[in-house]
Amino acid sequence: MSRMLVPRHVKGTVALQVGDVRTSQGRPGVLVIDVTFPSVAPFELQEITFKNYYTAFLSIRVCQFTSIHTPVKWVTCLRDYCLMPDPHSEEGAQAYVSLFKHQMLCDMSRVLELRLILRQPSPLWLSFTVEELQIYQQGPKSPSMTFPKWLSHPMPCEQPTPLPEGLPDPSRVSSEVQQMWALTEMIQANHTSTRIGRFDVSDCFLLLDSHCPEQVRSDGLLCCRWMAVMT
């Protein structure tokens, strides 16, 4: 989803004193930062990004526009969001943070002003705040793209053209060729370089029908007698 940066004005921080201000124990444990949008009409907040600087917990209140005849109202949209798991350690002290609309406790439309309430209960850090604060609203929607009908509604797969009569099935031919190739590879792998001599062929004749009934098959197989003579 596209987003668009919203021009904002960040007011100076206001410290809320915790403890006795007349002693060294008194220190500001809470800071308030107001963010206004003087050049922007009420908008729908999409995202808030910032870099933390030793803030342990963050709460956010939003001022929303209702109507011309009713006063604006302040609503808490984020309460005590943890930025540092342990306020007394460095973890998360300077991390970059993104807060999205779906994390808020209320509707983030018609935003007029934001108030960030920062809290740091640990006395170890002399100061705390948030830096590089940016506010985003939803950007313009991308124009819908139109595609040709043939691309958005593809045609079903075409059926293969039937083969002319008398031609073998290509898949069967491919399978038999693969078998022949495998047999060729096996013969080459088992080929020996040892000279085994010469074969002489003698008395080769064709036996059919009654001449060799025990050798003849129904498909008229040629029966030949071979005699190999080692030399």
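Which strand holds the place of Asp 34? Asp 34 has its place in strand 4. The model is a predicted one, in which local features need pLDDT of at least 70 and side-chain atom pairs count only at pLDDT 80 or more, while totals for chains, interfaces and linings use all residues. Residues are numbered from 1 along each chain as its sequence is written, and side-chain values use heavy atoms, with hydrogens and water left out.

**Overall make-up**

- The protein chain has two helices and 10 strands; helices (H or I, at least four residues) and strands (E, at least two) are DSSP runs, numbered from the N terminus.
- Read from the N terminus on, the order of elements is β-β-β-β-β-β-β-β-β-β-α-α.
- The protein chain has 231 residues, and 27% of them count as buried. Buried means under 20% relative accessible area, exposed means over 50%, and partly exposed lies in between (1.4 Å probe, protein chains only).
- Among contacts in the protein chain with a separation of 6 or more, 73% come from residues 24 or more positions apart. Contact means heavy atoms within 4.5 Å.

**The largest nonpolar core**

- In soluble globular proteins, nonpolar side chains tend to be buried together.
- The largest nonpolar core holds 34 residues, and Ile 48, Leu 114 and Leu 116 touch the most other members. A nonpolar core is a set of buried Ala, Val, Leu, Ile, Met, Phe, Trp, Tyr and Cys residues joined through side-chain atoms within 4.5 Å.
- Elements giving two or more residues to this core include strand 4 (27-36), strand 6 (57-64), strand 7 (73-82) and strand 9 (111-119).
- Not counting residues up to four places away in sequence, Leu 114 touches several residues, among them Ile 33, Asp 34, Ile 48, Val 62 and Trp 74.

**Strand 6 and its partners**

- Seven of the eight residues of strand 6 are buried, so strand 6 is largely enclosed by the rest of the structure.
- Strand 6 pairs with strand 7 in the antiparallel sense over seven bridges; two strands pair if DSSP finds at least two bridges between them.
- Val 62 stands opposite Val 75, which is in strand 7.
- Strand 6 also pairs with strand 9, in the antiparallel sense and over eight bridges. Here Cys 63 has Glu 113 in strand 9 as its bridge partner.

**Asp 34**

- Asp 34 counts as buried because its relative accessibility is 14%.
- The side chains of Asp 34 and Arg 115 are joined by a polar contact of 2.7 Å. A polar contact is a pair of N or O atoms within 3.5 Å; within protein, one must be able to donate a hydrogen and the other to accept it, and residues adjacent in sequence count only if both atoms are side-chain atoms.
- Neighbours within four places in sequence aside, Asp 34 is in contact with His 9, Val 10, Lys 11, Glu 113, Leu 114 and Arg 115.

**Cysteines**

- Cys 63 counts as buried, at 4% relative accessibility.
- There are zero disulfides in the structure; a disulfide is a pair of cysteine sulfur atoms within 2.5 Å.
- Cys 106 is in no disulfide, and the nearest cysteine sulfur, that of Cys 77, is 4.8 Å away.

**Positive phi values**

- Asp 80, in strand 7, has a positive phi near 50°. Asp 80 is partly exposed, with a relative accessible area of 39%.
- Glu 132, in strand 10, has a positive phi near 55°. At 48% relative accessibility, Glu 132 is partly exposed.
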